[in-house]
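These are my notebook entries on a structure that I looked up for a reader new to it. I begin with a salt bridge and go on to helix packing, the chain contact and some backbone geometry.

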Amino acid sequence: MARALINVPAKAKRGEIVEVKVLISHPMETGFRMGPDGKFIQREILKSFACTYDGEAVFSADLHPAMSANPFFAFNMVASQSGVVTFSWTDDKDQTQVQTAKIDVE
Amino acid sequence: MSWRARGLALALLGLAGAVGARADIPAGERKSGALFMSKQTQAMQADDTANPGMLAAAEGEGLWNASPAPGGKSCAQCHGAAETAMKGVAARYPAVHEASGRVVDLDGRINVCRQEKQNASPLARESRELLALSAYVGLQSRGLAVAPPDDARLAAARERGRALWETRMGQLNFSCAQCHDDNWGKHLGSAPIPQAHANAYPIYRLEWQGMGSLQRRLRNCMSGVRGEPFALGSPEFIDLEAFLAARAQGMPVETPGVRP
């Protein structure tokens, strides 16, 4: 199952500013909505999202119930060296998912 | 009032009658629903890395290549790569299923395959899996023109669909045509009234926070006019889909569309 669509340029020049885009498949259920039975639907959101580049944190965010389903992050970073960009996100139950992408810097 | 003035008044009445009568949108004036959206929503649809419908399509790709039931073949085992085998397929539906002679829409056709070829149970309408598969199949027709088949057996369905399109429904007593043929481009509250062309389904609708089929969208409008919506997969909806496909003939497919 598709968990996330991650877009990191495969190649970049040293010092180039590149855009990183991440679209995560997640319902982001607020916990404030009622189902057809009149009972509240249990909250199910992502709490946090973080991105590291060769072990160094380059972006992180805290998420809250008012955020839309399938959260989308787009941010820039400086391509300093070839390496692995790691994305991780953690849900309400403290379960973390990790995906990685490689970037080649010339 | 002179005879001349009386004649003019009658002529004006006649004109009002002509304007009030329903007319199809001329081919040159047809506009996709995407053009009624904000620039931001248009950009979201245009960028595959930002379009949430692509999550469904990616999930559909996984389902295409997976066996749905023990002993059942995957879609790919019969059809091969979707990029070639499914190119232009979604643009043709609804179509006649030759073996049964029934008119089926794309979701219905996927379920026919599941039951007859894949040894699997049909997927529920609006289920995550069915929307993912139809989004993935639909994606293979993106950019191609909506091309309903020239089949006499579909003509009857289209006519029934047109009749439904023009039938007033619900407590508000509106037909589809009264908004989408006669008053498109105006506003209903703050929302623009689009021409309602079915060229981007299944769509990711921001209001739904998820994917939905054309039938879900039609049910949405029916409850909007305080009517009792037809059931998902009902013959009425297939007829309406057949009519809408003919109405959008030649317009480029946008699947998976994003709508507000």
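**Entry 1: a salt bridge within chain B.** I first looked up Glu98(B) and Arg153(B), whose side chains meet in a salt bridge at 3.0 Å, N to O. I take a salt bridge to be a side-chain nitrogen of Lys or Arg within 4 Å of a carboxyl oxygen of Asp or Glu. The pair links distant parts of the chain, 55 residues apart. Glu98(B) lies in the loop between β1 (95–97) and β2 (102–104) of chain B, and Arg153(B) lies in helix α8 of chain B. Over all chains, the structure holds 15 salt bridges.

**Entry 2: basis of the notes.** I note that this is a predicted model, in which local features need pLDDT of at least 70 and side-chain atom pairs count only at pLDDT 80 or more, while totals for chains, interfaces and linings use all residues. Residues are numbered from 1 along each chain as its sequence is written, chains are lettered from A and ligands numbered from 1 in the order in which they are written, and side-chain values use heavy atoms, with hydrogens and water left out. Helices (H or I, at least four residues) and strands (E, at least two) are DSSP runs, numbered from the N terminus.

**Entry 3: α8 and α11 of chain B.** Two packed helices are described by the angle between their axes and the distance between the axes. Axes are lines fitted to C-alpha atoms, for helices over the stretch in contact, and angles run from 0 to 180 degrees between N-to-C directions. I found that helix α8 (residues 152–165) of chain B packs against helix α11 (residues 235–247) of chain B at an angle of about 95°, the axes being 7 Å apart. Therefore α8(B) is roughly perpendicular to α11(B), a term that covers angles of 65 to 115 degrees. The contact (heavy atoms within 4.5 Å) involves residues of α8(B) including Arg158(B), Leu164(B) and Trp165(B), and residues of α11(B) including Asp239(B), Leu240(B) and Phe243(B). I sorted the residues of this contact into eight nonpolar, one polar and six charged. Here Ala, Val, Leu, Ile, Met, Phe, Trp, Tyr, Cys and Pro count as nonpolar, Asp, Glu, Lys and Arg as charged, and the others, Gly among them, as polar.

**Entry 4: the partners of α7 of chain B.** Helix α3 (residues 53–64) of chain B packs with α7(B) at about 95°, with axes 7 Å apart. This makes α3(B) roughly perpendicular to α7(B). Among the residues in contact are Met54(B), Leu63(B) and Trp64(B) of α3(B) and Leu133(B), Tyr136(B) and Val137(B) of α7(B). The contact of α3(B) with α7(B) divides into eleven nonpolar, one polar and four charged residues.

I then turned to helix α6 (residues 106–116) of chain B, whose axis comes within 10 Å of that of helix α7 (residues 128–139) of chain B and crosses it at roughly 110°. That again makes α6(B) roughly perpendicular to α7(B). Leu106(B), Asp107(B), Ile110(B) and Asn111(B) of α6(B) meet Leu130(B), Leu133(B), Ser134(B) and Val137(B) of α7(B). These residues divide into five nonpolar, two polar and one charged.

Entry 5: Chain A has zero helices and eight strands. Its C-alpha trace spans about 60 × 25 × 20 Å along its principal axes. Chain A and chain B bury about 1,000 Å² between them, 63% of it on carbon and sulfur atoms; buried area is the accessible area (1.4 Å probe) that two parts lose on being put together, summed over both. The contact takes 13 residues from chain A and 13 residues from chain B. I found one salt bridge across the interface. Asp47(B) and Lys21(A) meet in a salt bridge through their side chains, at 2.8 Å, N to O. On the side of chain A that touches chain B, β1 (4–7) and β3 (16–24) of chain A are the elements that give two or more residues. The residues of that side divide into eight nonpolar, four polar and one charged.

**Entry 6: backbone geometry in chain B.** Most residues other than glycine have a negative phi, and most peptide bonds are trans. I noted that the peptide bond from Tyr201(B) to Pro202(B) is cis, with omega near -5°. Pro202(B) is in the loop between β4 (191–192) and β5 (203–205) of chain B. A cis peptide bond also joins Thr255(B) and Pro256(B), with omega about -5°. Asn173(B), although not a glycine, has a positive phi of about 60°.

Conventions. Angles under 35 degrees count as roughly parallel, over 145 as roughly antiparallel, 65 to 115 as roughly perpendicular and the rest as oblique.
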